[in-house]
Protein chains: 2
Amino acid sequence: MTTIDDQTEADSGREDDAYLLDRRAVAAILDAVEKGDQAQLTELMEPLHAADIADLLEQIGHVDRESLIRLYDHEFDGEILSELDESIREDVISILAPQVLADAVRELESDDVVDLIEDLEEPQQETILGALAETDRLAVEQAMSYPEGSAGRLMQREVVMAPAHWNVGQAIDYMRSNEHMPDQFYHVILVDPRMHPVGNVTLGKLMGARRTVPLLDLTEEMFHVIPATQDEEDVAYAFNQYHLISTPVVDDEGRLAGMITIDDAMAVLDEEHEEDIMRLAGVGDESSLSDSVAETVKRRLPWLAVNLLTAILASLVIALFEDTLSRFVALAVLMPIVASMGGNAGTQSLTVAVRSLATRDLTGANVWRVIRREVLVGLLNGVVFAVTMGVVGVIWFGSPQIGYVIAVAMVINLAVAGLAGTVIPVMMDKMGVDPALASGTFVTTVTDVVGFFVFLGLAGMVLL
Amino acid sequence: MTTIDDQTEADSGREDDAYLLDRRAVAAILDAVEKGDQAQLTELMEPLHAADIADLLEQIGHVDRESLIRLYDHEFDGEILSELDESIREDVISILAPQVLADAVRELESDDVVDLIEDLEEPQQETILGALAETDRLAVEQAMSYPEGSAGRLMQREVVMAPAHWNVGQAIDYMRSNEHMPDQFYHVILVDPRMHPVGNVTLGKLMGARRTVPLLDLTEEMFHVIPATQDEEDVAYAFNQYHLISTPVVDDEGRLAGMITIDDAMAVLDEEHEEDIMRLAGVGDESSLSDSVAETVKRRLPWLAVNLLTAILASLVIALFEDTLSRFVALAVLMPIVASMGGNAGTQSLTVAVRSLATRDLTGANVWRVIRREVLVGLLNGVVFAVTMGVVGVIWFGSPQIGYVIAVAMVINLAVAGLAGTVIPVMMDKMGVDPALASGTFVTTVTDVVGFFVFLGLAGMVLL
């Protein structure tokens, strides 16, 4: 029995360092690798879970990674591969000896193999498929026939099912006599003669009931079936919303095709969050800490280029007022404040909207109320900061007009920020575009343009 | 048996509308409420899961909510309360008749009651505790003695355990004869005579084994125990990292105190993400779509105030160069571009760092490599945009000097953005502060100040 507690407890000097791969542990491992000390390496790696080994491989450089794998490859576990970040996975697969890779892949369940190969290049895919037994390969190929990011890709084909007319005794005898039960399962899925799932019985209920009780009397009240073509984001949502543990997946004809368990749904939820947070910041979707400098530049450049265009647009607005600016340099000093406050308030509204759309809390039923609230919030915050900045303007530049101009511009820009921060993501969602993807740029463009235009325009009217 | 499929299938005209509360359904429900038609309301609500009813109550206004609850209260399920957003929960509890509230609360498991009352005010807490049976109340009070956000608050006390020396037959007989088994459980926890958990046996393995097999021969390879004082964020991390399904929780002496199941860990993961994304945007932690205008203003104002201070700081930097600006207004037109590009690049680095710290991918083992990468990425992106803006500067203003100045300022500011975007969150994390919380403001302050200072300072040297 492997326990990771000894290791994590030793590491957790500070409470929130629990589960952090220890720097000394990493150093000791790299030391063993450098010395080529296989025995010591094996001893150091033994307490680590596959997920921790994957993290370790991600955190060290390519050269160390290659030496470590070559020294450790007799013990290389398939699960390490499925835990690895995509950007490192190809590297590790290319390092592994073909026989080691084949052994590692054969240990995995079909859904893990699918997850492993779907992002690989064709030749590496072929290598891995070739290593599988015939039936496993067919299972993987069938899963790959479903669209990327669908329930069909996520499901495992290994399920435990029973005819709906069976009783408890029949189900238990069947399970006792069957050699090929999945490693982990939590429900028996009841199916009708056409293989349509009709109910779930938890193992706990099965275990507590007398042998003569019909299975149909024990089914869970909440029964949820997922179509194989459903988007994995919706699958994760359903697991989280309805507290599902495992759920049958059905094909186009409603026949049982496989099942999805909550641990896979949790991984999807985690990925979706990562995607949202990265997209909101204008970082490429699939970016990873182990990407090279060149890859990172390539991913981030397009977003910065879009930002440059919108920044130039804002500059063109400023250029309209060069005449005003040349007479009142104070305006150049103050104008970034209006734009910056608008950008921040817009980002606040935007983030709330993007997140609420993702959690299905922002719907047709409340969209108008939310827009109204965001605009009102913008107006009220605008008034507070208008008064503040009006006073600052008067004190700093001794000019009531400048105070007045910045105050009015602040109110207008913060109300616009609330409006744009909500309407833009809602519209993108309606058009079927991920609202996290580019809304941020649009919103700050609006608040920059409006901020500079209103502030400098008003100043031109009032001061000239 | 309740199936929600009929309803969601009808709704999903577009694929990603699956699970979205239908606007027509909401309208029909509100219509029944307005007419006071209890029979129709009950019929419309019947197919809805408690989580969907909670969403519905969050999406409608206070007046509709009150009418709906009064009309529906004979069927009000305790689970609706635990699914409700905190901001609406107090409102709903104050609407419910005391008897309905008491009945609703008594249906819940101890961990759900804890989750329900921990954010309530004292008097509402008392009301709910008073409604519970003696043993349940003690269980809840004991859980409440653990710190907020700890594993002790998250765990349920209902566990299924067996002495480690039992065999399969003894365990099954015990479960058959025990009337009070939890609704959902997936493992039998083996304990030694001092009540220390020593292993987990899945129900699937138990079911497949002969009666004479010792339980210790069936334990899972991966066995993980969580201290009751552990932070719930670490609990969620462990479930996601090690694919745990349910895990025993132990007290200070290592004795079994309860267990945590993956669905609760998934909910924590979801909340932690929400917190990160909201904090990064400078929106209060616990904000919700159903907050009132006043609450929302109150939550967002402090963040905007901090931003105002930093914006004024940036303006003070600009004010240093009023003289230069008054001679070359073109500088006022171009200066926001340098600051804006720096702010964006800094946010990119920052988001990657915050997210990597949350997933424990950024550690002492790779922090220097990551900082080096971010600075290099900033430099390279800086060079690309320096060339672009240099050319734009020359074409737009016909001045090679302006082109040269903006190019150099761009390179410096983007490298600084990469540095600040990584170092600031890492330092905050070292100091025990959530890096998502205020890093954004610090990073954009740095890029604004450096951007304006370098651009205007260089311009002063080159042009004057």
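Which residues in α19(A) meet which residues in α20(A)? In this predicted model, the α19(A) side of the contact is made up of A:A330, A:V333, A:L334, A:I337, A:M341, A:S349 and A:V352. Facing them from α20(A) are A:R373, A:E374, A:F385, A:M389, A:W396 and A:F397. Sorted by class, that contact comes out as 10 nonpolar, 1 polar and 2 charged residues.

As for the geometry of this pair, helix α19 of chain A spans residues 329-358 and helix α20 of chain A spans residues 367-397. Their axes come within 12 Å and cross at roughly 160°. Angles over 145 degrees count as roughly antiparallel, and α19(A) and α20(A) are therefore roughly antiparallel to each other. The crossing of α19(A) and α20(A) is right-handed.

Another helix pair in chain A brings together α17 (residues 293-319) and α22 (residues 435-463). Here the axes come within 9 Å, with a crossing angle of roughly 15°. With angles under 35 degrees counted as roughly parallel, α17(A) and α22(A) are therefore roughly parallel to each other. This crossing, of α17(A) and α22(A), is right-handed too. From α17(A), the contact takes in A:W303, A:V306, A:T310, A:L313, A:A314, A:V317 and A:I318. These meet A:L437, A:T441, A:T445, A:D448, A:V449, A:F452, A:F453 and A:L456 in α22(A). The tally for α17(A) with α22(A) is 11 nonpolar, 3 polar and 1 charged.

Over in chain B, helix α19 (residues 329-358) packs with helix α21 (residues 400-430), their axes coming within 8 Å and crossing at roughly 25°. That makes α19(B) roughly parallel to α21(B). Once again the handedness is right-handed for α19(B) and α21(B). The contact between α19(B) and α21(B) has 19 nonpolar, 7 polar and 1 charged residues.

Now for the strands. In chain A, 3 strands make an open sheet in the order β2-β3-β4, and the pairing is mixed. Its edges are β2 (161-163) and β4 (197-202) of chain A, each of which pairs on one side only. From one strand to the next, the twist averages 30°. Strand β3 (residues 187-191) of chain A pairs with β4(A) over 5 bridges, in the antiparallel sense. One of the positions to look at here is A:L190, which stands opposite A:G199 in β4(A).

Strand β7 of chain B covers residues 246-250 and is joined to β6(B) by 2 bridges, the two running parallel. Within that pairing, B:P227 stands opposite B:V250 in β7(B).

Key
Residues numbered from 1 in each chain as written. Chains lettered and ligands numbered in written order. Predicted model: local features only at pLDDT ≥ 70, side-chain atom pairs only at ≥ 80, totals over all residues. Heavy atoms only, no water. Axes fitted to C-alpha atoms, helices over the stretch in contact; angles between N-to-C directions. Helix = DSSP H or I, 4+ residues; strand = E, 2+ residues; numbered from the N terminus. Parallel < 35°, antiparallel > 145°, perpendicular 65-115°, else oblique. Left-handed = near helix turned anticlockwise from the far one by under 90°. Contact = heavy atoms within 4.5 Å. Nonpolar A, V, L, I, M, F, W, Y, C, P; charged D, E, K, R; others polar. Pairing = 2+ DSSP bridges.
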